[in-house]
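Open the model in your viewer and colour it by chain. We will go stop by stop.

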Amino acid sequence: MHHEEVFTDRNVNESSAYYYVDIENYPTTGWDKFKQVVKRTFSGELFVGLWVVMREMIKFDIHTVQYPMEKLPIGPRYRAVHKLLRLWESGYERCIGCGLCEKICISDCIRMDTRIDENSRKEVTEYSINLGRCIFCGYCAEVCPELAIVHGQRYENASEQRAHFVIKDDMLTPLDMLKAGQQAEYPGFGAIIPGSDESVKKTPLAY
Amino acid sequence: MQQANRLRPFFENITFDRDDNELILNFGPQHPSAHGQLRLMLHLQQEQITKAHPDIGYLHRGMEKMAENMIYNEFMPTTDRMDYIASSSNNYGFALAVEKLIGLEVPRRAKVIRMMLLETNRLMSHLFWLATTALDIGAMTVFLFAFREREYLMDLIEDYCGARLTHAAVRIGGVPLDLPDNFIADLRKFLDKLPENIKDYEDLLDSNRIWKMRMENVGVISKEMALSWGCSGVMLRASGVEWDIRKEEPYELYDEVEFSVPVSDKGDNYARYKLYMAEMRESAKILYQVLDMYADTTPELMAHAPQYISAPKIDIMTQNYSLMQHFVLVTQGMRPPVGEVYVATESPKGELGYYINSQGGAYPYRLKLRAPSFWHTGILTDLLPGHYIPDVVSIIGTTNIVFGEVDR
């Protein structure tokens with residue numbers, strides 16, 4: 001009974017906030033039950049259902065996709081196997097080895113190794129994503145300050161060896177593809193809001 | 001006491017010869033109707049259940065403990081794995097709890113997008129519920145129909161965030177992305193067709209004699225029982241309690257949209273089925289209103305709070321201070337003020353609550369997840385005795401439990 005008190009003090013003012021769905025009362029007496037049996041025996045509701053199915057059948061509205069031969073298009077924001085992008089102008093790798101993706105990675109599957117090269121620039125020597133562990137949450141793409149690591153469209157990633165899951169060269173855009181202009185920017189997590197280039201002001205050189 | 005020998009192995013827990021004619025049936029954990037990893041130990045007298053003991057924990061991952069070793073942002077994809085049928089609702093509940101903890105105001109466009117995500121997730125969840133329950137009871141056509149519609153919604157979500165099941169589509173302080181170009185048109189097209197589809201399901205099920213015999217007066221939960229077992233969502237409303245958190249404590253834009261919540265006083269499986277169908281119609285109604293709201297919002301997606309939230313990507317790439325702030329927030333995590341907060345939201349399954357105790361560090365000191373399905377599994381102890389084995393399947397179906405959420 002103490003439950004009832006809780007429900008007296010409410011802040012729902014609209015009278016139409018709740019409504020009772022229309023369910024007819026179930027029979028309780030023997031006579032009512034008998035009437036229900038007779039009614040159900042002669043009612044044609046099963047034919048209505050049959051018609052719904054038949055109607056779908058005779059529509060010949062078939063959408064079956066013969067999978068390995070034909071594939072459904074996937075959205076541009078789809079989060080499948082990662083890609084490492086290159087800079088458009090110079091063709092260098094965008095990745096600067098800051099390690100933010102390594103840090104944020106929830107399943108701890110990104111590893112990278114860096115060194116200072118001859119020109120005393122930071123060079124990413126190893127970059128691997130263990131796709132066996134990856135949960136494709138998109139956080140690496142989201143935190144990347146250089147738009148370097150993004151998600152790609154490749155979702156068929158069966159392999160004979162686990163080592164194949166992690167190769168950097170597979171993720172990095174090949175140079176000939178870049179030159180052919182086939183590298184695509186990723187519009188999903190971590191992308192720049194379209195049209196925000198206009199809002200960027202040039203840093204004044206003279207302070 | 002048995003004698004252990006090679007021919008008759010000794011099992012200390014099992015008595016083979018019982019004089020009371022009682023059979024113990026292990027229902028699950030691999031039973032396809034058990035909706036995941038539910039193990040039910042049913043004590044049977046003939047076909048009738050005398051005692052039911054749900055045994056959970058087969059999917060336990062220790063999420064609450066995991067949360068204590070993660071920064072707040074990192075926990076978001078983990079919440080996907082609770083109620084994986086409607087993962088954006090879980091994301092949202094967590095984001096709302098943290099926002100309340102730090103006192104953030106979310107931009108309006110983010111709110112509108114969140115509303116769209118929440119209600120599409122509710123539709124997805126209800127369609128999934130209808131499909132699986134109908135399949136359990138034997139109506140395979142409904143399963144195929146409902147999965148077809150759910151597929152359209154999953155495509156929409158895929159267009160938005162790039163994932164179909166584990167969305168991670170909400171962020172603390174807003175949403176990560178704006179809607180893609182064709183999203184609103186596609187969603188509207190789907191919604192225009194939805195009443196037809198719901199009518200198809202109802203033609204197939206509503207007055208179907210088999211469906212009615214499996215549903216009516218089966219699994220009746222009285223009002224007192226529902227309240228004392230901590231039921232929420234449809235389980236509670238089907239028992240005649242007018243309680244929906246979207247109405248009682250409106251969050252997001254639920255106080256700006258017009259919708260009403262269906263209730264029933266029957267308390268049985270059929271009432272729950274009717275409520276799910278009615279809620280789908282209400283969700284469509286909400287979505288129409290939210291779609292209209294989108295046009296007059298400004299493009300901000302994340303709250304402006306440099307102490308807690310990283311700046312937009314364009315700022316990170318062009319402004320030094322934003323970049324530094326971003327590095328600190330990613331490597332060390334945001335540090336909400338000391339305090340504790342409990343935020344309940346109406347997920348498709350019921351009251352989904354997040355309790356966060358923050359000691360001012362980058363990791364939550366304690367994070368408690370109140371998942372509705374957990375309580376709806378508990379009620380099976382009380383609900384099942386007296387029913388027969390086939391009823392178990394339909395009752396588990398209408399409780400709409402998801403084991404990612406029960407075991408956490």
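How much area do chain A and chain B bury between them? Show both chains and look at where they meet. This is a predicted model. Chain A and chain B bury about 5,700 Å² between them. Of that area, 59% lies on carbon and sulfur atoms. The size of an interface is often given in this way, as accessible area lost when the parts come together.

**Stop 1: the contact residues**

Select the residues of each chain that touch the other. On chain A there are 60, in contact with 73 on chain B. Now pick out A:Tyr18, A:Tyr26 and A:Arg77. These three supply 14% of the area that chain A buries against chain B, more than any other three residues.

**Stop 2**

Turn on side chains. How many salt bridges does the rule find across the interface of chain A and chain B? There are five. Zoom in on one of them: A:Arg55 and B:Asp200. Their side chains meet in a salt bridge, with 2.9 Å from N to O. Next, show polar contacts. Across the interface of chain A and chain B, 28 residue pairs are in polar contact, both residues at pLDDT 80 or more.

**Stop 3: what chain A brings**

Switch to cartoon and stay on the side of chain A that touches chain B. The elements that give two or more residues to this side include α1 (2–6), β1 (18–20) and α2 (30–42) of chain A. Also among them are α3 (45–59), α4 (100–104) and α5 (139–143) of chain A. Which element gives the most? Select α3(A): it gives eight residues. Colour this side of chain A by residue type.

**Stop 4: a strand pair between chains**

Opposite A:Tyr18 stands B:Val261, in β4(B).

**Stop 5: a hairpin in chain A**

Select residues 110–116 and 122–129 of chain A. These are strands β3 and β4, and they pair in the antiparallel sense over seven bridges. Find A:Arg115. Its bridge partner in β4(A) is A:Glu123. The two strands, β3(A) and β4(A), form a hairpin with five residues between them. In the turn, A:Ser120 has a positive phi of about 50°.

**Stop 6: an open sheet in chain B**

Move to chain B. An open sheet of three strands runs in the order β1-β2-β3, with antiparallel pairing. Why is one side of β1 and of β3 left without a neighbour in the sheet? Both β1 (23–27) and β3 (48–55) of chain B stand at the edges with a single partner strand each, so one side of each has no neighbour there. Neighbouring strands of this sheet are turned by 20° against each other on average, direction ignored. Now look at β1(B) and β2 (residues 39–45) of chain B. They pair over five bridges. B:Phe27 stands opposite B:Leu40 in β2(B).

**Stop 7: another sheet in chain B**

Last stop. Here an open sheet of three strands has the order β5-β6-β7 in chain B, again with antiparallel pairing. Its edge strands are β5 (339–347) and β7 (366–370) of chain B. On average, neighbouring strands here are turned by 10° against each other, direction ignored. Select β6 (residues 350–358) of chain B together with β7(B). Five bridges join this antiparallel pair. To finish, click B:Asn357: opposite stands B:Arg366 in β7(B).

Methods: Residues are numbered from 1 along each chain as its sequence is written. Chains are lettered from A and ligands numbered from 1 in the order in which they are written. This is a predicted model: local features need pLDDT of at least 70, side-chain atom pairs count only at pLDDT 80 or more; totals for chains, interfaces and linings use all residues. Side-chain values use heavy atoms; hydrogens and water are left out. Contact means heavy atoms within 4.5 Å. Buried area is the accessible area (1.4 Å probe) that two parts lose on being put together, summed over both. A salt bridge is a side-chain nitrogen of Lys or Arg within 4 Å of a carboxyl oxygen of Asp or Glu. A polar contact is a pair of N or O atoms within 3.5 Å; within protein, one must be able to donate a hydrogen and the other to accept it, and residues adjacent in sequence count only if both atoms are side-chain atoms. Helices (H or I, at least four residues) and strands (E, at least two) are DSSP runs, numbered from the N terminus. Two strands pair if DSSP finds at least two bridges between them. Axes are lines fitted to C-alpha atoms, for helices over the stretch in contact, and angles run from 0 to 180 degrees between N-to-C directions.
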